[in-house]
Amino acid sequence: MSSPARIEIRGLTKRFGGLVAVNDIAFDLRANEIMGLIGPNGSGKSTVMKLIMGIERPTAGTIKLDGVDIARWPSHRIARAGVGIVFQHSRPLHRQTVLENIKLALLPDSLLRLAVDPSVDERARAIAERVELGDVMNRHPSTLPFAFLRRMEMAKAIARDPGVVLLDEPFAGLTAAEVAAFSKLIRSFRAENRAVLLVDHNVKGVAALVDRVLAMYLGERVAEGTAEEVMRDETVRRVYIGGKIEATTQRGRVAAGTAPLLDVADVSVLYGKAQALDRVNVQVREGEFVSVVGLNGAGKTTLFNAISGLVPYSGTISFGGRSLAGTSAAAIARGGIVQCPETRELFGEMSVRENLDLGGQHLAADTRAAQLAWLFDLFPILNERQSQAARTLSGGEQQMLAIARALMMRPKLLVLDEPTLGLAPVILEQLSKAMEQLRRTTPITVLLGEQNVTFALPHADRVYVLEHTRIVWEGDPLRFAKEMGTGYL
Amino acid sequence: MLALQILIDGFAISSLYALAAVGFTLIFGVSGVLNVAHGGIMVVAALVGWFVAGELGFGTYIGTLAGILAGLLMAYATYFIVVRPIERSRAIPREETEIFILTGTLLWGIMIEQLMAYIFTDNPVTLRPLIGGVVNIFGVRTPRNEIVIAAVSWAVIGLLWLLINRTQRGKALLAAAINPRGLTLLGFELSRIYLLVWTIYGVLAGIAGVLLASFLGVASSNTGPLTASAFAIVVLGGLGSVEGSLIAAYVVGYLETLTAYLVAPTLRPIPPLLLLILVLYFRPQGILGRR
Amino acid sequence: MKRLPRTYLFWIAVAVVAAAAVLPFWLSAYLLGVLTAAYYFGVFAMAWDLLFGFAGEVNFGPTFLIGVGAYTAGILNSVLHWPMVLCIVAGAVAALIGGLLMALPALRLRGPYFGVITLVAVLLLQYAIVIFAGITGGEIGMTVPDVLSIDANVNYWYALAFLVVCAVILYVLSRSALGLILQATGQDPIEAQALGFNVTKHKVAAFCVSAVFSGTAGAMLVFYMGTASVDTVVSIAIDVQVIIAAVLGGRRTIIGAILGAVFLILANELLRPIGQLNTFVVAAIALAVILFFPDGLLGHALRAGERE
């Protein structure tokens, strides 16, 4: 670790209006080093990457590349100065072959050099071989599998031999075998004296690859060190899983033998060519409270969206014994599976009451009134805030409103996606109490997706662990504490 | 005297513009569609109204109703023949849908214009006023019809406001404009919401077309300019903002009337276009637009 | 493997051009006139395709650039009596300046907003022409003293030569390093920047190139017809036809635009017997193509080729 710092970041801050996305971040990135920048959704890690690349302009701070401050430079100048980036989503040129796509990255930024230099062709071929695309370099991108396209993006990023390579979630959408092959490729960058910054949701996925990890949360630095150190770090554990994983008494309300209310069988989802869900099986019985735990990016939201009919999938999802194939998302919601999404999807400019009324529009007037009264009882704060616009509520209140709005539909199955995302501990406690009350006083069936295990476990009858597009574990919460307690992060 | 004349005339034409633009902005707000065939729909309503009222001899009232119905049918045709197939097409990449809808409705507008010119020729036609006669407002002789037009426009806009803000269905429309995904999750079929919006739009464009025919007269060649003025109003006001459109309608209406009276009637459309360019340069989100 | 078909295509192109060159010996003067106009149209459509298909800029008002070129050339010729060649060059330069004026908002505004600006630009140019009727001839149009030739065959060959030269230049440009970069900036400007390309510079360049070709073609058209009028070079109707030609032929193909233009102009002529309805039918055909073959004729064929 004696090599000099390629990138030196000090006091890096970015505000979007009133929101502080990145607050006073500082770190060094050396040659021959792979550094992981991790954090859950909204932690500001991607913004840091964009700031380095010049896609966003920093509000304050310096970014030095080999001693020169490149903060506020235009993107293309930073690229020419020796920074390459692999975006998570990219759109290759479809009319061109893989080789031509790689050549693009080698072209000079000039209006007058129309003819492609012969050396460019040679170099592009060499790079194609280097990322193991030699056999397919004359094919069109649209004919290639996803992993190959990711390789092509890698090739473009390293084409002009940059000293710094930024990778945005390089493993998203890849299978385990592909991840291994990719890791090898990324390690070889280190051997070439490059500095690599890898942005990802979680430590575990990148632990084997990185020399050092910087963990971020809500725009702040929370921990730095080796992957093991960061994984053991108390703050990181609190951010990710909500603190200590505690065993809870099992309730066993539901007999194991009953037929499932919701049956997800062999469901796979592809986003374009990226695998987002791989042959997932989940059952929820009537009256059960099932938690799907997994880190951001594992596929929880995708699973819920498949259940709600919002994304196309293969496999079958049936509800109450009937397949949901061909049913519209709205019809599924009216049929009793109501999702309260991670993004909440409130009607921001409308009042709390109007939001709730929209949820209850399919009910008869008297039922609606009764349901509303019950919900105000469950979440008294909403009663006080009835006429306030939804977007002016605090994060916790918005989450309560989102849950209440979903409950207005009198769901048979409530699908709750990451209700704790970005909420303060006090709010979590309130939310937890509401969950408990819901469980005790109603026969409702709940499917909860959470990263925060501390929140997810106490209410759960059963737990599934989703990791990198697959279900890797299932069982009751007691066993989870024993078997998964340490290995989860 | 002249000032008062401009004030009165400008008010009438602005009200009409407001009515026409509100439907246009509503469609954009709720479903994200920029319907460039807008002028065509108004023209159809106007010409059918005139034809049924005058040529077929059913009188102004039946003609007005027929015109509104024609506007509604054209709105449906636009949605089902052009907009929806493009939105649902798998061959068109998501990020190009907007451009395809613009191009598609542009072609559709041309088809309407040509067909109308073929059937009704290109001569301007005028629908007989709903109410005849002239009143004297502080010395300015004003046709009663002008007052009726302003009143009807505002009554319709008022009804629309009630529909959106005071009824359950209307609330759902508003919600769709804010967050369509959220609305789907609450069990609302967006396709039905869109159909409702196009229905409202068709009726509004129909009324605006018929009123325009009884005020200034309409010819098939008005298709383009009508779309352009609606577009200018809606962009000035901020795409999707109903209040913004209402304000912008008055800005454009008065600007045009002032030009017509003080400079030359032929130069009428120029100041709004220049204003539009200025606004797009310096405040692309429009007067009240949200970004 | 890829080489063979390309040389193949090259020879097809040579054969088509050769066949087109001997057409005057077979066709009537009337049909030649139609094709001559179609060839100028082809250049309009190719220039538009470079801007939209490659740089990703939606220009709904190509006749702004065409009209600036056409009227500049026409006025210089009829009022100042400049020689024809000089007028054409001046037309190209004026269009270039127009292109720079258009590029300014394009860099600030998102697709549909920019589209509106371009439409408005055409309307404003129309009004300007009507207001300054003294030198522009207003709505009636203006007559230029000089013409390219009074012989229909010679006019045809001029147009064909001009088309071929423009097609070769634009095609080579689209296939060159610059074309690759343009395509990348059009598709994903952020990624293009991260690959080290100054997107602003390349977009402005695309506007300039498109403008020069549009303006030159506009000026040539004026000297072919001997007149310049709002209806022929500055109108939304012509804008739409240029766009249809490019989309019909297939976006991002350059050469497809020629096919589209020839098809469109021929269809317009062949449908003349049905009178007023011909524009209706052409618009309907174009709408059908957009709905069913959004990639256009050549684009559709190319796409099928890629899938293999």
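Me: With axes as lines fitted to C-alpha atoms (for helices over the stretch in contact) and angles running from 0 to 180 degrees between N-to-C directions, how are α2(C) and α10(C) oriented, roughly parallel or roughly antiparallel?

Reply: This is a predicted model, in which local features need pLDDT of at least 70 and side-chain atom pairs pLDDT 80 or more, while totals for chains, interfaces and linings use all residues. Residues are numbered from 1 along each chain as written, with chains lettered from A and ligands numbered from 1 in written order. Helix α2 (residues 29-54) and helix α10 (residues 199-225) of chain C, helices being DSSP runs of H or I of at least four residues, have axes 9 Å apart and pack at about 170°. Because angles over 145 degrees count as such, α2(C) and α10(C) are roughly antiparallel.

Me: How many nonpolar residues does the contact of α2(C) with α10(C) hold?

Reply: Contact requires C-beta atoms, placed from the backbone, within 7 Å, and the residues that meet it include Phe44(C) and Trp48(C) of α2(C) as well as Phe213(C) and Leu221(C) of α10(C). Beside 3 polar and no charged residues, the nonpolar class (Ala, Val, Leu, Ile, Met, Phe, Trp, Tyr, Cys and Pro) numbers 16.

Me: Which helix gives the most to the side of chain B that touches chain A?

Reply: Chain B brings 15 residues to this contact and chain A brings 21. On the side of chain B, at least two residues come from each of α6 (168-178) and α7 (180-185). The helix that gives the most, with 6 residues, is α6(B).

Note on methods
Contact = placed C-beta atoms within 7 Å. Parallel < 35°, antiparallel > 145°, perpendicular 65-115°, else oblique.
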